[in-house]
Structure formats: C-alpha cells, structure tokens
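Student: I have a structure to look at and would like to talk through its packing. May I show it to you?
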Amino acid sequence: MNANATEIILSEHRSIAAVLDGLRYFTRALGNGSERPALDFRAARALLYYLDIFPEQFHHPKEDLFLFTAIREATSEGDRTIDQLKAEHGQGEARLLRLMRLVILAEFEPDRYLKDFTTSADRYVIDYLSHMGLEEEVLLPLAKRVLDGIKTIFKTSNPVIIYTATGTGAWEAALVNTLSAGDRVLMVIGERLAKTLRKGDVLARLGGDEFAILLEPMISTAEAVAFAERIVEIMKTPVILLNNKTLDVSLSIGIALSPSQANSAKEILEKADEAMYRSKRISGSCWHVSSGMPLPVAMKH
Ligand SMILES: [Fe+2]
Ligand SMILES: [Fe+2]
C-alpha cells in the first residue's frame with residue numbers, strides 16, 4: 001500500500017480524535033455541572049457538525065469504497081473485521097443525528113435531557129476511538145501487507161499506485177489527491193484501463209499522468225497491439241466531470257516486449273517510454289511499438 005495513503009488515513013484519524021477529545025471535554029464539564037454557558041452548546045453543536053461532515057460524508061465512504069474493497073479483493077483474511085467496520089459505518093449517521101437532536105434538547109431542557117446527552121456522547125466517543133483503533137491495528141497493517149507485494153514489479157523512483165482488474169488503486173488515488181477535476185480524470189482513466197485487464201495483468205499509475213500495464217503471461221506482438229487498440233477505443237468516450245461538463249481525453253501508448261527487448265523492469269519502461277514519446281507527437285490516442293520491435297506488416301502503424 002502506498003505509504004502516503006496510510007499516512008493520510010492516520011492523519012485523518014488524528015483530526016477526528018482531536019474533535020472527539022473536544023466532545024469528551026465538553027461532556028465532562030457538563031457532567032460536573034460546572035459549565036453551562038450557551039457558547040459551550042454552540043461549540044458542542046459545531047463538534048457534532050464536523051463529525052457529520054468529515055467522517056460521515058468523507059472519511060467513511062472513502063474507506064468503504066476504496067480501502068475495504070481493495071483489501072477484500074486481495075484477501076478474505078480481513079473479511080470479519082471489514083464486516084464489523086462497515087456495520088459501524090452504517091450506524092454512524094443515525095447515532096450522530098440522535099446526538100445532534102439530544103444536544104439541542106439538552107440546551108433547552110437540561111434537567112430532562114442533559115444526562116442522556118452526556119452518556120450517549122461519551123459512548124459514541126468510546127466506540128469511535130475503538131473503531132479507529134481496529135482500523136489502525138488490524139486493517140492498515142493487513143492492507144500494507146496484501147496490497148504491497150506487487151509493487152516491486154516496477155522499480156521506479158516515482159510513487160506507484162497499483163490497480164487490479166476491478167479497479168483497486170483508485171482508492172489510493174482518491175486518498176493521495178484531493179479530487180480536483182484533474183484527479184477525477186486520472187481516476188476515470190485508471191478505472192477504464194483496469195477494466196481491460198486480463199487475469200494476471202497489472203496496471204500501475206507511475207505518477208503524474210503516466211500509467212503502465214504489465215501484460216502477463218507473455219503475449220505476442222499482435223496481441224499487445226490489439227490490447228493497445230482496445231485502449232484507444234475505450235478512451236473515445238469523454239470523461240464526465242463532477243460539474244457534469246465533459247472532457248475529451250486521449251492516451252499516448254508505447255509498447256515494449258520482454259525478454260526480447262529488455263531484461264529488467266527499468267529497461268522495459270525506458271523502451272516503452274521511447275515509443276510513447278513518438279505517440280505523443282500525434283494528437284489523439286494512438287500507439288507505437290519500441291524501436292526494433294518486430295511488427296506484422298498488416299499492423300504497421
Ligand atoms: Fe472507519
Ligand atoms: Fe477510519
């Protein structure tokens with residue numbers, strides 16, 4: 001798993017933990033009966049609002065859609081933990097709405113609702129901290145182990161994001177980036193490319209707007225070219241951006257074969273790069289094979 005992706009999850013957990021801490025401080029103060037100024041209720045509502053906006057609508061969906069999906073595709077080892085975490089995500093919104101309702105009631109009718117609010121808020125904080133603890137102690141180490149192995153195939157100095165046939169890797173792109181229009185385009189391209197993969201093929205985003213596909217087991221030149229043609233075809237559909245505008249995208253493709261042309265990952269990437277740069281000189285999606293690579297006459301491009 002990309003180190004950045006782990007760091008981002010941990011840093012989001014730290015932010016959430018700080019807010020939970022604030023909520024606990026507030027309920028303790030209320031519980032002691034020492035502070036009940038209106039401003040504190042306002043602060044409590046702000047803390048709950050943050051928990052609704054950030055974890056509920058951003059952090060959890062990201063984990064559900066990308067992290068959990070990626071782990072499930074790689075192994076069944078985390079299934080029970082993921083089932084539990086997903087169930088907790090599912091209950092989060094309802095629990096939070098109840099707290100939001102209770103904090104309003106507690107402000108206006110403290111004698112009747114304050115105890116219920118502080119008890120429920122404390123329980124929520126304890127449960128949430130243990131939820132994050134489970135993710136950090138069980139799931140992130142598992143993700144690191146099962147999503148990492150394949151990365152060594154590409155020995156580049158750039159960050160590498162691995163996709164599988166069903167799109168694993170998109171979650172890391174979403175975590176590492178902030179989902180600007182450009183990031184969305186990269187995610188869509190990554191997902192489209194992932195759909196072309198056969199069992200055993202590997203797709204990786206090497207960084208920036210560069211992707212690499214390792215076709216395995218070894219296929220013929222004709223098959224590699226047919227694969228590139230399929231990619232050219234799927235890139236013809238414009239990408240729909242979040243504002244519903246569309247964007248035409250094109251890919252410049254370079255093809256290289258190993259072991260006939262290269263003996264190492266570095267060498268094959270360099271060969272493919274050289275061919276890709278020739279494609280770049282032509283507008284629109286197209287492919288070129290690396291210099292010296294034999295090509296059936298019918299396919300000369
Ligand atoms: Fe979570
Ligand atoms: Fe989390």
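Student: Which residues does A272 touch, leaving aside those up to four places away in sequence?
Tutor: Please keep in mind that this is a predicted model. Beyond its neighbours up to four places away in sequence, A272 touches G254, I255, A256 and S290.

Student: Which residues have the most contacts inside the largest nonpolar core?
Tutor: They are I255 and A272, in a core of 22 residues.

Student: Which elements give two or more residues to this core?
Tutor: The helices are α6 (181-195), α7 (221-234) and α8 (265-280). The strands are β2 (202-207), β3 (210-214), β6 (252-255) and β7 (286-289). The largest share, five residues, comes from α8.

Student: What else lies apart from that core?
Tutor: Another core, of 16 residues, lies apart from it, and L20, F26, Y124 and M132 are among its members.

Student: Back to α8, please. How many residues does it have, and how far does it reach?
Tutor: Helix α8 has 16 residues and reaches 22 Å from its first C-alpha to its last, close to the 22 Å expected at 1.5 Å a residue.

Student: Which of its residues are buried?
Tutor: The buried residues of α8 are I268, L269, K271, A272, A275, M276 and S279. Down the helix axis, these buried residues fall within an arc of 160 degrees, so they line one face of α8.

Student: What do those buried residues pack against?
Tutor: They pack against β3, β6 and β7.

Notes: Residues numbered from 1 in each chain as written. Chains lettered and ligands numbered in written order. Predicted model: local features only at pLDDT ≥ 70, side-chain atom pairs only at ≥ 80, totals over all residues. Core = buried A, V, L, I, M, F, W, Y, C linked by C-beta atoms within 7 Å. Buried ≥ 20, exposed ≤ 12 C-beta atoms within 10 Å, placed from the backbone. Helix = DSSP H or I, 4+ residues; strand = E, 2+ residues; numbered from the N terminus. Contact = placed C-beta atoms within 7 Å. Expected span 1.5 Å × (residues − 1). Arc of directions from axis to C-beta.
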